[in-house]
Amino acid sequence: MQDAVGWLLAHDNRHGGDHVADAAVRVWEAERGRITGADKQHLAQVAEIGEVAGWLLHDAARFREARATLAEAHTLARLAGDGPLEWFILDLIAMIDVHTGRAGEAMAITDEMLTGREVPGRVALMARVRRARSLAQAGDRTRALVALERATGGLQDSIQANDPAFTWWIDTTEVGLHTGETLLSLGDPRAALPHLQRSSAASRDGGRREFGNVLAELTALVQLRVWREAEAPLLRLEPILRAVTSSRTRVRLRSTLRAIERDAPSWLADTAHEVAAAG
């Protein structure tokens, strides 16, 4: 099981979740069928596979399946008594709710996480980021910015000994990305742009994460109609598109490319058409 999980996640980091989501679901269903009793270690292992399958389904833009899988995995993690895994799965469900515009449900989940006993600092930070995103979707600028400020402040604190291993990815780049995305949701691309540019500049793995970060920068530039500056991130996407097939990110890409082809000067619209053809 652990070998399968490792391989699936490595593929996702490099190429996106589209081509491995079905494989993850098959592993999840097979292991779930082997549950025979109250062996907590086995329940936690199966819950972890469900968490991975849910994340990959999300990246493949199969959001309904992703949420259902994560909800079941969360139940197994709770039965196993695995608090850190429970927190992680709750965060992923909130992530899907933010992505699909279910702000109220995302806020309810983050409330649960932030009021839980002995929630480690990095888990609380993660919940505040999701909360900021959901508040922004609801149009509550003041509370969204307060949540972001608290998350950023928490990032400056030393990593705590009780932080779960899964919080490794919560760094300055990630928080900066979500700060920019929150400001975009609030209709303020000018304020969002510096945060998104820094996150984009820090992402150089050629994989799924770079795809998302560069695209976020490009989206802000297109909203600002800063066409000369938009050319560099647009061209940077071309080689990434040959390697990464994240449907979740490509949906946003198509929307951004349509805006370029509709509103930008012809020289940039032609480049956007060429980039679209590369993928």
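The model is a predicted one, in which local features need pLDDT of at least 70 and side-chain atom pairs count only at pLDDT 80 or more, whereas totals for chains, interfaces and linings use all residues. Residues are numbered from 1 along each chain as its sequence is written, and side-chain values use heavy atoms, with hydrogens and water left out. Helices are DSSP runs of H or I with at least four residues, numbered from the N terminus. Helix α13 comprises 17 residues and extends 24 Å from its first C-alpha to its last, close to the 24 Å expected at 1.5 Å a residue, the expected span being 1.5 Å times one less than the number of residues.

In helix α6 (residues 103-114), the 12 residues should span 16 Å at 1.5 Å a residue, and the end C-alpha atoms are 16 Å apart, in agreement with that value. Its buried residues are A103, A106, M107, I109, T110 and M113. Viewed down the axis of α6, these buried residues fall within an arc of 160 degrees, so they line one face of the helix; the arc is taken over the directions from the helix axis to the C-beta atoms. An α-helix has 3.6 residues a turn, so residues three or four places apart point the same way. The buried residues of α6 pack against α4 (63-80), α5 (83-99) and α7 (121-137). Of these neighbours, α7 is mostly covered, with 15 of its 17 residues buried, and reaches 25 Å from its first C-alpha to its last, close to the 24 Å expected. Just after α7, G139 adopts a positive phi of about 85 degrees.

The largest nonpolar core contains 49 residues, of which W28, L56, I89, M113, V123, L125 and M126 touch the most other members; such a core is a set of buried Ala, Val, Leu, Ile, Met, Phe, Trp, Tyr and Cys residues joined through side-chain atoms within 4.5 Å. At least two residues of this core are supplied by each of α1 (2-15), α2 (21-32), α3 (40-59), α4, α5, α6, α7 and α8 (141-156). Apart from it lies another core, of 36 residues, among them M107, L221, W227 and A264. When residues up to four places away in sequence are not counted, L56 touches L8, D12, G17, V20, A21 and A24.

Within helix α12 (residues 227-241), L241 is buried at 4% relative accessibility, and its C-alpha atom is separated by 9.4 Å from that of G206, 35 residues apart along the chain. The charged end of R228 sits over the ring of W267, 4.2 Å from the ring centre, the criterion being NZ of Lys or CZ of Arg within 6 Å of the ring centre and within 35 degrees of the ring normal.

Technical notes. Buried < 20%, exposed > 50% of the residue type's maximum accessible area, 1.4 Å probe, protein only. Contact = heavy atoms within 4.5 Å.
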